Amino acid sequence: MLIYDLDLASLENLLEEWNEPAYRAKQVWQGLYQHLYNSPEQFTNLSKSLREKLAEHVTFSPFIVKVYQDSSDRYTRKTLFELPDKNLIEAVLMRYGDPADNPQITASPTGRGAKNRRTLCISTQAGCAMGCVFCATGQMGFKRHLSSGEIVAQVMYYARMLKEKNESVTNIVLMGMGEPFHNYDNTMAAIDRLNGADGFNFGARRFTISTVGLVPQIRRFADEKRQVNLAISLHAADDESRVSMLPINKKYKINEVLDACRYYVEQTHRRITFEWALINGVNDTPEVAKKLAMRLKGLMCHVNAIPLNPTTGYTGQATSRERAAAFKESLEQAGIPCTIRMRRGIDIQAGCGQLAGSVVS
Ligand code: SAH
Ligand code: SF4
């Protein structure tokens, strides 16, 4: 049993079964999420017998580190984890800010203030069933959903690493391997656990969920009125182009996705982000930008564009800096705010799924 799979109530039940006093559950919870303990011996405030029970019945890590890589500028660390069933998942730490150390590092994934951010990009599935053609994870296919604890454990791994340097995670983006809304319940349970009071206490507004555009789940998410940021992978301004990149567009057309987005903004009064991988000659022209601006008119939104990260399974190439700037310019002239994101960690294959893909092959 993975300890991060338990919410506080389940932990209470477990300890009750073990005939422990009720307050013990809170101590374990705080040990896990405040002190970031990851082995029973560290829980020195618990009785020896309880520590032994923990050692016997629960695990504190669902994976081993298979490979890790730092980018040459040392601002990005990518880790490939191997799960007990040999599936591989990736999580990436991106450091932003520290202008004194590295004046080039100022971009931020959400386009907002970038000072001293420690952003984690984590996975929600091993592989992905959505098959987006330019995505390394999509190219490898679906393996399985991650449990809530397997999602949480990626965060705890990096939180411990940062703690050694007196640093902490400031933002979490669910943009690693997998489609979070295809694994909705486990993803939300993981967010709730990390958000938990007296525990990790990570503010809902500091999470960003990215979805390929699963309409029913966007509406459900809107109804739940969570404070979590939402990003939609749009990448195209008409169905013909979008379906050629994102097969899910056969099922959910752009209009339906955008209707769900309007519903989300109405329900939550939160701005929505659209992600756009700029592909040379495919979706980076001023005409496409104008078409996109027309579709997004009146919607409280922001476009996050990033030059495509080339993958072996797709022939498309990244947009040039000039074309990216022109795309942004056309959108903004039409009143749609746009940020061009820098590609981070290209040299460590930090595009989602790329490291796992290369290790598998
Ligand atoms: N499944 C979710 C979240 C994971 S992918 C989703 O699709 O939104 C996170 C983001 O990376 C998405 O916007 C996705 O479209 C984008 N992406 C995937 N492969 C990419 C690549 N090769 N280059 C640039 N962006 C990519
Ligand atoms: Fe899955 Fe997202 Fe990759 Fe599409 S882009 S295949 S939804 S991980």
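## Ligand shell, rings and a covered helix

Ligand 2 has these neighbours: Cys-128, Met-130, Gly-131, Cys-132, Cys-135, Gly-138, Gly-178, Glu-179 and Val-212. Sorted by class, this shell holds five nonpolar, three polar and one charged residues. The model is a predicted one.

**Aromatic rings**

Next come the rings. The structure contains 14 aromatic pairs. One of them joins Phe-181 and Tyr-184.

Phe-63, Phe-81, Tyr-157 and Tyr-158 make up one aromatic cluster.

**Charges over rings**

Which rings have an arginine over them? Phe-202 has the charged end of Arg-206 over its ring. Tyr-263 has Arg-219 over its face. The table gives the distances.

| Arginine | Ring | Distance to ring centre |
|---|---|---|
| Arg-206 | Phe-202 | 4.1 Å |
| Arg-219 | Tyr-263 | 5.1 Å |

**Helix H2**

Helix H2 runs over residues 23–33. How many of its eleven residues are buried? The count is eight, so H2 is mostly covered, with buried meaning under 20% relative accessible area. The buried residues are Arg-24, Ala-25, Gln-27, Val-28, Trp-29, Gly-31, Leu-32 and Tyr-33. What covers them? The cover includes four helices: H1 (8–17), H3 (48–57), H5 (148–163) and H6 (184–195).

**Positive phi in two loops**

Now look at the backbone. Lys-225 is not a glycine, yet its phi is positive, about 50°. Where does Lys-225 lie? Find it in the loop between helix H7 (215–224) and strand E9 (229–233). Lys-225 counts as partly exposed because its relative accessible area is 45%.

His-235 also has a positive phi, near 70°, and is a residue other than glycine. His-235 belongs to the loop between E9 and helix H8 (239–245). Is His-235 buried or exposed? Its relative accessibility is 8%, so His-235 counts as buried.

Key:
Residues numbered from 1 in each chain as written. Chains lettered and ligands numbered in written order. Predicted model: local features only at pLDDT ≥ 70, side-chain atom pairs only at ≥ 80, totals over all residues. Heavy atoms only, no water. Near = heavy atom within 4 Å. Nonpolar A, V, L, I, M, F, W, Y, C, P; charged D, E, K, R; others polar. Phe/Tyr/Trp six-rings, centres within 6.5 Å; stacked < 30°, edge-to-face > 60°. Lys NZ or Arg CZ within 6 Å of the ring centre and 35° of its normal. Buried < 20%, exposed > 50% of the residue type's maximum accessible area, 1.4 Å probe, protein only. Contact = heavy atoms within 4.5 Å.
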